[in-house]
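Please open the structure in a viewer and keep the selection panel at hand.

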Amino acid sequence: MPNPDSTLEGITARRGGFLSRLASRTFVVLVLLTCIGGATGLLGGHTSTAAETRDGYRLTLSYPGTARPGLDTFWELTVEHPGGFNGPITIAVTGTYFDLFETQGFYPTPSDSTRDDTYVYMEFTPPPHGDTFTMMYDAYIQPYVAPTNLLAQDATVALVNHDKRVVTVDFATWMFP
């Protein structure tokens, strides 16, 4: 006996077509791959290293190669020059790169800094002895990352001497939601 109060009366079941099944299966595979990537740590934060040598100077940068909002990051720049440094050390970094971070600051603290349209310039007092200068950036990725920075943030770090870039390292941090 049919139920007169049923809202399903007169509705017939219809099987989905090929495209519907393909879309459904593709979605399930994408969700599965995302879960596997997350479970194996592929979507977490990883530190990468880039280095370049030129004119007797070597820059070595350890930076977050991949990151997610809210994670602490490791950013360290080492400048090596046999025979030490004869004056202030000026480092230029793409200014927009630092928009990704909430920071506790640079160590050591720059003795002077300025910014133009592209770069942040930081001047440091050289170490009194030795051939190596190391600076660290204590930061974490902002809890909210602008959609324009969500995939990758390309940047450059350079050693500057008399307004000339002596050695340059290009790098990128890939962001995952």
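The stops below run from the overall fold to individual residues.

**Stop 1: the whole chain**

Begin with a cartoon of the protein, bearing in mind that this is a predicted model. The protein contains one helix and ten strands. Of the 177 residues in the protein, 34% are buried. Among contacts with a separation of 6 or more, 64% join residues 24 or more positions apart.

**Stop 2: the largest nonpolar core**

Select W75, L77, V79, I91, Y97, M135 and L159, the residues with the most contacts inside the largest nonpolar core. That core has 34 residues. Colour next the elements that give two or more residues to this core: β2 (57–67), β3 (72–80), β4 (89–94), β5 (101–107), β7 (119–124), β8 (132–141), β9 (152–161) and β10 (164–175).

Which residues does Y97 touch, not counting residues up to four places away in sequence? Display Y63, P64, W75, Q153, A155, F171 and T173 around Y97, and the set is complete on that count.

**Stop 3: the aromatic cluster**

Show the side chains of Y63, W75, Y97, F98, F101, F106, Y137 and F171, which ring pairs link into a cluster. The count of aromatic pairs comes to twelve. Two of these pairs are worth a separate view.

The ring centres of Y63 and F171 lie 5.0 Å apart with the planes at 50°, so the pair is tilted. Because Y63 lies in strand β2 and F171 in strand β10, the pair ties together parts that are 108 residues apart in sequence. Both Y63 and F171 are buried.

How far apart are the ring centres of W75 and Y137, and what angle lies between the planes? The distance is 6.1 Å centre to centre and the angle is 80°, an edge-to-face pair. W75 belongs to strand β3 and Y137 to strand β8, so the pair ties together parts that are 62 residues apart in sequence. W75 counts as buried, at 1% relative accessibility, and Y137 is buried as well, with a relative accessible area of 5%.

**Stop 4**

Select T94, which lies in strand β4. Is T94 buried or exposed? Its relative accessibility is 11%; because the limit for burial is under 20%, T94 counts as buried. Not counting residues up to four places away in sequence, T94 touches T118, Y119, D154, A155 and T156.

Step one residue on to G95, in the loop between β4 and β5. G95 is buried, with a relative accessible area of 1%. With residues up to four places away in sequence left out, G95 touches R115, T118, Y119 and V120. Draw a distance from the C-alpha of G95 to that of V157: the two are 9.9 Å apart in space and 62 residues apart in sequence.

**Stop 5: the largest pocket**

Turn to the largest pocket, which holds about 340 Å³ of space. Its lining has 17 residues, and P88, T90, V160, N161 and H162 lie nearest its centre. Elements that give two or more residues to the lining are β4, β7 and β9. The largest share, three residues, comes from β9. By class, the lining has seven nonpolar, seven polar and three charged residues.

**Stop 6: backbone geometry**

Finish with the backbone. Most residues other than glycine have a negative phi, and most peptide bonds are trans.

- Select Y107 and P108: the peptide bond from Y107 to P108 is cis, with omega near 0°. P108 sits in the loop between β5 and β6 (112–115).
- Select D55, in the loop between β1 (46–54) and β2. D55 is not a glycine, yet its phi is positive, at about 50°.
- Select D163, in the loop between β9 and β10. The phi of D163 is likewise positive, near 60°. D163 is exposed, with a relative accessible area of 79%.

Definitions and conventions: Residues are numbered from 1 along each chain as its sequence is written. This is a predicted model: local features need pLDDT of at least 70, side-chain atom pairs count only at pLDDT 80 or more; totals for chains, interfaces and linings use all residues. Side-chain values use heavy atoms; hydrogens and water are left out. A nonpolar core is a set of buried Ala, Val, Leu, Ile, Met, Phe, Trp, Tyr and Cys residues joined through side-chain atoms within 4.5 Å. Buried means under 20% relative accessible area, exposed over 50%, partly exposed in between (1.4 Å probe, protein chains only). Helices (H or I, at least four residues) and strands (E, at least two) are DSSP runs, numbered from the N terminus. Contact means heavy atoms within 4.5 Å. On a 1 Å grid over the protein atoms alone, a cavity is a set of points where a 1.4 Å probe fits but cannot get out, and a pocket is an open set with protein on both sides within 12 Å along at least five of seven lines; lining residues have an atom within 4 Å of a point. Grid points are joined across faces, edges and corners, and a volume is the space filled by probe spheres set on the points. Ala, Val, Leu, Ile, Met, Phe, Trp, Tyr, Cys and Pro count as nonpolar, Asp, Glu, Lys and Arg as charged, and the others, Gly among them, as polar. Rings of Phe, Tyr and Trp (its six-membered ring) pair if their centres lie within 6.5 Å; planes under 30 degrees apart count as stacked, over 60 as edge-to-face and the rest as tilted.
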